[in-house]
Structures are given as structure tokens and as C-alpha cells.
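Thank you for making the time this morning.

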Amino acid sequence: MTLAAPSQQLTAAGRPLCHRPYARLAARRRNGPRLASVASRFSPTTVAAAAAAASSSSGPLSLFSPSKINLFLRITARRPDGFHELASIFHVIDLGENMTFEELPEGGAGSAAKDELLCDAEGMPTDATNLAVKALDLFRSKMPAGSPAATRFFRITLGKNVPHGAGLGGGSANAATALWAANEVAGRPASAAQLAAWGGEIGSDISVFFSKGAAYCTGRGELVEDVKPPLPLGTPMLLVKPPAGLSTPAVFRALDLGSRSAADPLRLSAGLRNLGRGSRELCVNDLEPPAFLLMPELEEVKERLAKERGVDASFMTGSGSTVVALGNGRESSKSLSPPSWFLEEEKYKDWFWSPARLIARAEGEWYRGPE
Ligand code: C5P
């Protein structure tokens, strides 16, 4: 694998630079303007006008919805409620998508009674079962009865870029971004800590996005302790994922507690900080054995990537099916591009792949996507 400057990323075999089945809309948006400003009231516009209005500071709120990797993931116990206790360093990364929030009209005959979600990904539910819509429902339920925020509905446009069933927390990030957006529009009645606690009510991986980017997570994953990023921000990585995703419950069901690592998670955390880069010993994931049982090709790609020059560690993130090849933080001006075997071998033809980097957010601001 080569460490290439961004301008050199174009690679061989007639394959696109970045194979992202969901990328069309989002790729365009990645190059477009990114807004952090908020209008307290949005003028009613059509969906097409909403996209155009996203370039104006008085238009709909446009936010980057990132994703995450687990630098290590230890499962510490099985709980009586069927969930598992974990201990993990979650880190936010810059693979993500744009979400636009347009306030729907309130009051009077044309008043909205539910959120609308417009999404370009086939098969993605856009009703109240979608995690982003659930997050808006949750936010309204937390607002004082009779306040505008308790009855404010949104039209969300979402160009999906982060694959589903990937262990990247893409849906959870959409929910976290929706909570952040609703709170901004409402004038920030809730703190980030409150939003994190609320997020934990609807999913295990939502709260982590309310850290500054790096977090030591315990419980189901919803107990989030902000930590200083253990590795240099900008550390490059390559993400690869087969077309099929893995179901989190199925991976947990296949977990044999006897096959776990014996490493103390606090030592793993300290080890990463001291070393300032990943390693095979530190980047452990207890969900790899069950995931590799269900999808043996993940173990093969992990081992092949681990041998590549410029890769400090390769490991699965979350419950898979994405495998991360982590580059060297000291080379953070470079990005990792896929090795030639990955680009050329028929069996990887339909795999998703993307370069990504570790990112953080500033106090009071949301994450920003790649420049
Ligand atoms: O919270 P989330 O919706 O991601 O969890 C999906 C499923 O994964 C849970 O219903 C549970 O079966 C399993 N899970 C678990 N322990 C966790 C997180 C998830 O067993 N910490």
C-alpha cells in the first residue's frame, strides 16, 4: 500500500478513486459550501430551492454528519438485558455526508405534523423508524410543552455516503447531527452532555458524537468520557468493506466470551497515547472472531492489509463489516490509497473503499467534513 499525497490518489484498473455506492449526491455536496450558521426561522421553500438555499447563511441549516471507528473494542461482560458491556476508544472520522434541515411551516392550516426525510439511498426507511427522525421526535419530547421547539418539524435532505451495516455508526451520526441541528434552531436549550444522554435512549453509538471527537466509551457504548485524541488528528486510514453488511445483533450472538482478548482496556488506551500510533497489540476488537466466522473474507483482507507498507495496524471497526488500515500519524499530510491487489483482484470489484482521517470538533461547533 502506498502513502500518497491527495493529488496522487487516482489509481489503476479503471476503478474509481473512491468506490462508494451511495456517493453520487454526497460527493457533489462534499465539494459544495458547508454552513455552520443557523437561521432562527427558515422561509418555506421547495426541496430544490432548499439545496440552493443551503449556500446562503439565511437558508436551511446544512451540517456534516461524520462517522466513527473504534481504535480498540473490548467486550467486558454480557448483561442480563441481552446487551454487552464494552470498553472502547471511539474516534470520529471525516467519512460522512451532508444533512440539510429546513424548518416546516408551523401553525395555521398548512402546519406540519411530522418530519419529512428525503434520502437518495435505496432501501433506507424515511419514516418514523429512521434514527434521524427518531432523534427529532426525542428532541421535541424533551422540550417544554407549549414551547415552539416542542412542535417544530423539519424537512431533512440526506445524501447517503456512509455504508449501512458497516460498523461506522453512519445512522447514529445522522441521529446525533439531527439532535445538534434541532438544538441549534431552538437556540441551544440543551448542553452537549444532555444531547449525549438523550441520544443514549435511542441507540448505543449516538452519544459518542457529542464528545469532541475522541471518547472512551463504556456501558452499552452510551457512557462517554471525552479524551484527548490519542493519535495525531489527520492520521490517515483506508476503509474497505464488502458489499454485504453485518448485523450487530448477529455478531453479538456469535460472540464466544472465551475467545476475547485479555488486555486491560485502560492499558490499551494509555498504550495508544504513549505510542502515538496504532499497533496490532493495541488495536484489538473482541468482535472480530465472531464477525470473521460469519464473513471469513474480512480476516483475509485484514491480514493482507496489515502486511502493507505504511500500515501500522489493520482491524475491524465496531461489529463490522468495515476493516480499517491505519496509517502512520507522522505521515498525516499523506493519505492511504488501496494496494494494487485490492484494486485489481476480481473478488474485491464490488467492495466499498474510502480514505478517511481522524477528526475532532471545537467547543460549541459541529464536525466539518474534508476540505
Ligand atoms: O444499540 P444498537 O441498536 O446498536 O444495538 C443493536 C443490537 O446489538 C442490540 O439489540 C444488541 O443485540 C446488540 N448489542 C449488544 N451490546 C451492545 C450494543 C449492541 O449486545 N453494547
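This is a predicted model: local features need pLDDT of at least 70, side-chain atom pairs count only at pLDDT 80 or more; totals for chains, interfaces and linings use all residues.

Residues are numbered from 1 along each chain as its sequence is written, and side-chain values use heavy atoms, with hydrogens and water left out.

Let me begin with the chain. Its secondary structure comes to ten helices and twelve strands, where helices (H or I, at least four residues) and strands (E, at least two) are DSSP runs numbered from the N terminus. Of the 371 residues, 54% count as buried, and buried here means under 20% relative accessible area, with exposed being over 50% and partly exposed in between, for a 1.4 Å probe and protein chains only. Among contacts between residues at least 6 apart in sequence, 76% join residues at least 24 apart, a contact being heavy atoms within 4.5 Å.

Now to helix α3, residues 131-142, and its surroundings. This helix has twelve residues and reaches 16 Å from its first C-alpha to its last, close to the 16 Å expected at 1.5 Å a residue; the expected span is 1.5 Å times one less than the number of residues. Which residues of α3 are buried? They are A132, V133, A135, L136, L138, F139 and R140, and they pack against β3 (84-103), β4 (116-119), β5 (154-158), α4 (170-185) and α5.

The axes of α3 and α4 come within 8 Å and cross at roughly 35°, where axes are lines fitted to C-alpha atoms, for helices over the stretch in contact, and angles run from 0 to 180 degrees between N-to-C directions. On the α3 side the contact is made by L131, A132, A135, L136, L138 and F139, and on the α4 side by G171, S172, N174, A175, A178, L179, A182 and N183. By class, this contact has ten nonpolar, four polar and no charged residues; Ala, Val, Leu, Ile, Met, Phe, Trp, Tyr, Cys and Pro count as nonpolar, Asp, Glu, Lys and Arg as charged, and the others, Gly among them, as polar.

The other partner I want to show is α5, residues 192-200, whose axis comes within 10 Å of that of α3 and crosses it at roughly 120°. The two helices are therefore oblique to each other, given that angles under 35 degrees count as roughly parallel, over 145 as roughly antiparallel, 65 to 115 as roughly perpendicular and the rest as oblique. Here too α3 passes α5 in a right-handed crossing. L138, F139 and K142 in α3 meet L195, W198 and G199 in α5, and by class that contact has four nonpolar, one polar and one charged residues. Within α5, the residues L195, A196, W198, G199 and G200 are buried, and what covers them includes α3 and α4.

Now for some individual positions. F154, in strand β5, is buried with a relative accessible area of 3%, and F154 and A113, 41 residues apart in sequence, are 9.7 Å apart in space, C-alpha to C-alpha.

S211 lies in the loop between α5 and β6 (214-218), and at 1% relative accessibility S211 counts as buried. Not counting residues up to four places away in sequence, S211 touches V224, D226, R361 and Y367.

In the loop between β9 (311-316) and β10 (323-327) we find G318, buried at a relative accessible area of 7%. S321 is found in that loop as well, and a cis peptide bond joins G320 and S321, with omega about 10°.

Finally, R188, in the loop between α4 and α5, has a phi near 60°, a positive value in a residue other than glycine, and at 43% relative accessibility R188 counts as partly exposed.

How values were computed:
A crossing is left-handed if the near helix is turned anticlockwise from the far one by less than a right angle, and right-handed if clockwise.
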